[in-house]
Amino acid sequence: MPNMSPKKNAMPSQAPEVRAHNFDEVALGYDEATALDEAARCLNCKNMPCVTGCPVNIHIPEFISKIKECDFEGAYQVINRSSSLPAVCGRVCPQETQCEAKCVRGIKGEPVGIGRLERFVADWHNAHTDGVADIPETNGHKVAVVGSGPSGLTCAGDLAKKGYSVTVYEALHTAGGVLVYGIPEFRLPKAIVKKEVDNLKAMGVTIETNVVIGKTLTVDELFEMGFEAVFIGSGAGLPSFMNIPGESLKGVYSANEYLTRSNLMKAYLDNPVTPISKGGRVAVVGGGNVAMDAARTALRLGAEKVYIVYRRSMEELPARREEVEHAIEEGVEFMLLGSPVEILGYRNPDDKRDPKNGTVIGMKCIKMELGEPDERGRRSPIPVEGSEFTLDVDTVVMSIGTSPNPLIKSTTEGLETNKRGGIIVEESTGATTKMGVYAGGDAVTGAATVISAMGAGKVAAKAIDEYLSK
Amino acid sequence: MYRITYKKSLNPTVTMLDIEAPLVARKAKPGQFIILRVDEDGERIPLTIAGYDREAGTVRIIFQIVGATTEKLNRKEVGDSIQDFVGPLGTATELDGLKKVCIVGGGVGCAIALPIAEALHEMGCEVTSVIGFRSKDLLILEDEFSAASDRLFVMTDDGSYARQGNVCVPLNEMFAAGERFEKVITIGPLVMMKFVVEATRPTGIPCIVSMNPIMIDGTGMCGGCRLTVGGKTKFACVDGPDFDGYEVDFDSAMERGTMFRDFERHAHEETCNLFKKSV
């Protein structure tokens, strides 16, 4: 008999007042009993609407059926056929707009907690197996993958499973891309990413850190070195700024810099070599998931007050609902319908050498109102004249988006990009305008989600396999 | 890991290392930089490339011991390895077709200016070099500059060696005497570069400066190295490190350079204390 409870089993979590001061994972995960109870809510629909909502088409009812049978490893194997990074996706996927949005149970009540079940299965697998993957038989073909973020790791994993000899090139000193430099420990523990990377290595994938494709080696040189196809998953690295006065003051960071200092450079661990502003009053400008990550990181680094400053209203705020709720629970204050016009700096009129000169002492903002919807249906914010106000802050984190990194495009002849800098690809294959070169993830789309990048890595792996099997 | 193959102390606070990094050595050009980490969990620091040997697969760096990381790096000996070494990053200094150039280096900046002088000299360009130091015991690379230059001016702030004064003194004299160059290329402390730019501005000669701001990844990702150039935000790591000196906002760059000064000073002291304890 299915469990007909209209509500999902709640996710056990650290209490907001506790977790706001530590970097441990917020959500603690289902135990076996809860997972079985939640799995029993799945009706095992014949037409499987949930699968159509998944960018990598995980066979969701099938893995949930395995949970019902208490065959947790079997459930893992079902997920693993479609996804290379289940422990990651179970944590950071926006299930509410994907698989769970299509769930029949969601019509009258809450959908099945598919993401929570995926996480349970992946964590069970990681805790109960030694992680030694079967090494596939080699097919003699060499493929290079540029970037070790979600799209690159997925593409590498899928190709390795098919017997390709894959080398992943990473510019930074640690593999994982945005999963290690961007997403904080409290949402995605580093150990989980490391485990996924180690799984790939166990399958025979080579990971070369400290190689910047476009600088250390070019795409053409990769072909000269014997690689027969190249996948570019270099992400959307370049942070945008607002170009308002005061952005070069001391205490102003891009979200990338702030999060990289905390995550990759481990300021969150009190690493004594990485400086970052701690404590004080922080304004994070922007309303995406990255802005939520930055705001919640600021709290955990000891900030006494953290604002999110966003120019539209809560309705348009692009971050995941769950992240917004978590941020509010933890005490982040949302200044909606507001936009910075200037960041104010300290200036000692009597002492040009005062070390405090040039540090942030506030942020001048203006109130906005929403006008008519634009061609994309989003209501555009219009400044309200004379409504300027000043926020008393000493740190400002700009989290207003990123654009693709031009390093590869500028050094690869024949690789075309659109006017926003995204690499142009054929959507069904990820093939670029250059023979043998495929691309996916944020390098193509601009800033998007982990799972859509994984979907693109998957599509490209399939296309590369077809291309090299000819 | 990246092995140290050669080490030489140039003065009490400046050290030269050759480091095995064949991929970087194969591509390096004057004006580009690398980023290194001395050990696991170490800080990433950018250093401009001071030379390279493509056949031996080594890259030369010259650094001043200013903080915790450079202190730790200086404790490494030949045969030891460092954790990470990535590059070459940034754009190379544009040297094509130049016939007459003035190179102005200050302090440890001379280490970065030298490969540019050498490359120009090898191309048959007429090279005038002006190198300045605070005092005699901080002097580095005089012989090397002498070999790569048609004319060399050595200056010390305190007059303890060669001529007393800053690098602008001979520069202004040359300009006053009607001497002209196709380019002035200056590398050194921000305040020195600012003055070289101001000395050169009235002549209209293009003046190129090499910026070395706070940086993490070196590929354009963090935006920490941003500078205001011609009123626009530029990233030193991908748009530079060379910029048109007339366009650079030096005052804001100098201010940003002090963003973590207290932290850095504290970290340096801690590291020195650790070394004292372990001895």
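Here is a short tour of this predicted model, stop by stop.

Residues are numbered from 1 along each chain as its sequence is written, and chains are lettered from A in the order in which they are written. Because this is a prediction, local features need pLDDT of at least 70 and side-chain atom pairs count only at pLDDT 80 or more, while totals for chains, interfaces and linings use all residues; side-chain values use heavy atoms, without hydrogens or water.

**Stop 1: two helices in chain A**

Select residues 72–82 of chain A, helix H5, together with residues 114–128, helix H7. (Helices are DSSP runs of H or I with at least four residues, strands are E runs of at least two, and both are numbered from the N terminus.) Their axes lie 9 Å apart, at an angle of about 110°; axes are lines fitted to C-alpha atoms over the stretch in contact, and angles run from 0 to 180 degrees between N-to-C directions. H5(A) and H7(A) are therefore roughly perpendicular, a word used for angles of 65 to 115 degrees.

Now show the side chains. On the H5(A) side, the contact (heavy atoms within 4.5 Å) includes Phe72(A), Tyr76(A) and Ile79(A). Across from them in H7(A), look for Phe120(A), Val121(A) and Trp124(A), among others.

**Stop 2: aromatic pairs**

Over all chains, the whole structure holds nine aromatic pairs. Rings of Phe, Tyr and Trp (its six-membered ring) pair if their centres lie within 6.5 Å; planes under 30 degrees apart count as stacked, over 60 as edge-to-face and the rest as tilted.

Pick Phe241(A) and Phe235(B): their ring centres are 6.3 Å apart with planes at 80°, so this pair is edge-to-face. The pair crosses between chains, with Phe235(B) in strand E15 (residues 232–235) of chain B. Both Phe241(A) and Phe235(B) are buried (under 20% relative accessible area; exposed is over 50% and partly exposed in between, with a 1.4 Å probe and protein chains only).

Next, select Phe23(A), Phe186(A) and Tyr268(A), which form one aromatic cluster.

**Stop 3: backbone details**

Which bond in chain B is cis, with omega near -10°? The peptide bond from Gly87(B) to Pro88(B), where Pro88(B) sits in strand E7 (residues 84–89). Another cis peptide bond joins Gly240(B) to Pro241(B), with omega about 10°.

Leu337(A) is in the loop between strands E9 (333–335) and E10 (338–345) of chain A, and at 28% relative accessibility it counts as partly exposed.

How values were computed. Parallel < 35°, antiparallel > 145°, perpendicular 65-115°, else oblique.
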